[in-house]
Amino acid sequence: MSEANAAPLVLVVDDVDHGREIFAEYLEFRGFRVATAADGLEALEKAFELRPDVILMDLSLPGIDGWEATRRLKQDERTRGIPVIALTAHALASAHEKAREVGCSAVVTKPCLPKELEQEVRRQLAGASEENQAKP
Amino acid sequence: MGSKAKLGLVEALLAEQEARSCAVLTLRWLARDAGIERAMCAMVDGESGRLEGWTGMGLSLAAVESFSLDLADRTHPLIIALDGGEPIAFRDSGQSLPRPFETPLGNSPFYAIPLAGARNAPGSGLLLVSSGESPLLEDVLWAAELLGTRLAALQYHRAQIDDRRHKRERTWLLSIINAVTDPILLTDVDGRILIANAGAERLLTTEEDRSEGRRRAVALNNMLFSATLFNSGAGNKSQELVLVDPSEGQELLFEVLRAPVRLRPGESGLVSVLRNVTDLRRASEEIEENYRRLRAAEAATRAERDRLDLILNSVFDPVLVTDPEGKIMRMNPPAERMFTVPAGRGGEVERRVRVNDAVFTSFVSNLYAGQSQLWRGELNLLDPETGAPAPFEAFSGKVLSKQGEQTAAVTILHDLTEALEKAQLYEQVKHHSEELKERVREATAELAEQNELLRRQAFQLEQASAMKSQFLANVSHELRTPLNAIMGYTHLLLEGVSGEMSRAQRDKLARVDANARHLLAVINDLLDIARIESGKMPLQVDRVRLPELIDEVMSEVEPVIAGTRLEVSRILSPELPEIETDRQKVKQIVLNLLSNALKFTPDGSVTIRLDHDCDAGEIWIAVSDSGIGIAEENQKTIFEAFEQANSSYARRQGGTGLGLSICRRLADLLDGRITLVSKLGEGSTFTLFLPCKPRSA
């Protein structure tokens, strides 16, 4: 978990370079601390290591995909409480349902304006802090 | 008169042996030698007890012969004269007498001179001589005495001869009747037995010293016999009489034949002949018994035969009984049908019957020839009526007597026609069944092939469908990813992440952003159409309140409305029912229709009307505008993809050209429809009709 009073740490996971860059740059611009991962395995390592406040998880990833990575995060004691926002270019409802099943708190369809994504991140952070207060 | 004349008469009478001739001779002598003109001789007949006219002279023969006096008539002057024994002179036979009478001599004086001895004695009689006025001559008296004496002598002599002869005849008669074994009896009117032959005596008489039983038997027999005598009455009809044999004690049956006889004048008797019919009766009874038994046996046989006939006739199959020569002795009606010619039929029928007979006889001869008791075979007969082949299965059995002789054969024929027909039918059925089986097999194989093909096709279709879906997903994904970059970077630049830009740069970036958004809308709409068409658009049916839904839509487009000068209103019918439908889809349609109305109405008003028709089971939402309207020629194609009535205008308004196409597809999906009423330049009304209940409900 990040230090108190520090800006929230967002882990942006996307195998596409510009995908990571757009959201990472915008969130940093907006004052968040940002870490990035290009595949599922890296995402897991970074998550366990950095304990981000929220994770933006692209679902179509090489190797361990976004659904599998989320499932593992939700199975691990250390990362279970971190909200995961699924990011996907899949427009089909089935992809969204599957994401919620493995533990994603929200699903955002690409293309997504960075501004809208920031709003969702803030919503999740607010929800997570409420939950943390509820369970000290 | 001379003695010579008298001597002549004496000689003549002595020479004559016959009494009546003597009388005739005497009368003739009186006429010739004593001058008597008329005279008559009457003689007593002991048998009849009468005085009868015998012979006359100078008199009517008929008068003489009819002369007859009853000796019992003792007051008659002539009978008195006869009994007196002295000659009596009668002046006449008429008025002078106390009792007048007639004689053949007529009504002239005459003498009545009794002949010979006393009344009833042999030779008794009366000589009547007419005398005129003259006194009776001595010669007449002499002649009368002579004739009386001679007649008496003749009478006595004859009586002696008769007596001897009677005795002899009686002996003979007794011998004769005794020789007859049947009892013969003569009885008088009182039933007293006058004569009985030996046979009768044996039954009806006994000596005193005989046994008590015998006496009793005889007494009983007498009683029984007497009873029959008096029961028989008149007539000589035969009667039956049971007597007891006094010696043996057994009963004897007699048939009694009777004949009345005259015993003497005025007294009749009865001859009874008893014919012993005991043995005859026994024999007759035996015969009768035998006959009865025979009849009973015959009746039993007949009954048995009738029963046999009944049994035979009740058998449906032909049954025949044949003698050892193979000749048919009996048969039942079914057999008769095959082996007899009906009355009045001949020709072909007769010929066929003969054929049948020959076939049958030949078959039965096999049985007689063989050693076995039974013989089985098949006979191909002909139906006598139709000539159709009549196949029969025949079973023959020998009928043996107790001595083991073959007395007959019984044959039962079983009609094979039906069996053969059944067999044929069975073959046909089997054949058809085989054919059917073959067809079923073929059909099954074909079906299996078809199934396989279908399965493969289904698999291919499924695969194709899956591939299509996957393709769509991929296309969508692949389009969205670069679009995300375009929109993302544009946004970064516009947000000033990379520093401030000039106004011209910002304007151009805004154009990029707008086109990227349009592209995204198009991609989303295309994806919707694809999903609907591939059946991947799931329906979530809920109870929906349309007024609430319209409120939601209105609030969503509120920012758009606020940017126009349009007057937007709602008209809701009261008591609208809830409907069961997919809320999201309905909302999408209404949103689309309302967006279109707002887009294509530069100024004026937009109205949403909500109403229903319970009878038609429909509820509808009508969106009317006072906008640009749609030309009639475009109204049909407006619902097709990428069709916009006014393309340039539409593009300016940011439509994808897919909205109405999606709306119509969604309406179909919800079992509803969308109609359009419009006039160019005057506005349009799009109406969504929905069923109150979904089809599946």
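Two residues are said here to be in contact if their C-beta atoms, placed from the backbone, lie within 7 Å. The model is predicted, with local features needing pLDDT of at least 70 and side-chain atom pairs counting only at pLDDT 80 or more, while totals for chains, interfaces and linings use all residues. Residues are numbered from 1 along each chain as its sequence is written, and chains are lettered from A and ligands numbered from 1 in the order in which they are written.

**View 1. The side of chain A that touches chain B.** In this interface, 17 residues of chain A are in contact with 17 residues of chain B. Helices α1 (17-29) and α5 (114-134) of chain A each supply at least two residues of that side of chain A, helices being DSSP runs of H or I with at least four residues, numbered from the N terminus. The largest share, 6 residues, comes from α1(A). The residues on this side of chain A divide into 11 nonpolar, 3 polar and 3 charged (Ala, Val, Leu, Ile, Met, Phe, Trp, Tyr, Cys and Pro count as nonpolar, Asp, Glu, Lys and Arg as charged, and the others, Gly among them, as polar).

**View 2. The packing of α1(B) with α5(B).** Helix α1 (residues 3-15) and helix α5 (residues 138-179) of chain B pack at an angle of about 15°, with their axes 11 Å apart; axes are lines fitted to C-alpha atoms over the stretch in contact, and angles run from 0 to 180 degrees between N-to-C directions. This angle makes α1(B) roughly parallel to α5(B), a term for angles under 35 degrees. From α1(B) the contact is made by B:K6, B:L9, B:V10 and B:L13, and from α5(B) by B:W142, B:A143, B:L146, B:L147 and B:R150. These residues divide into 7 nonpolar, no polar and 2 charged.

**View 3. A:R100 in helix α4 of chain A.** The C-alpha atoms of A:R100 and A:W67, which are 33 residues apart along the chain, are separated by 9.1 Å.

**View 4. Helix α12 of chain B and its buried residues.** Helix α12 (residues 503-533) of chain B has 31 residues and reaches 45 Å from its first C-alpha to its last. Within α12(B), the residues B:A516, B:L520 and B:D525 are buried, and what covers the buried residues includes α11 (417-494) and α17 (659-669) of chain B. Just after α12(B), B:G535 takes a positive phi of about 70°.

Note on methods
Angles under 35 degrees count as roughly parallel, over 145 as roughly antiparallel, 65 to 115 as roughly perpendicular and the rest as oblique. The expected span of a helix is 1.5 Å times one less than its number of residues. A residue is buried if 20 or more other C-beta atoms lie within 10 Å of its own, exposed if 12 or fewer, and partly exposed in between; C-beta atoms are placed from the backbone.
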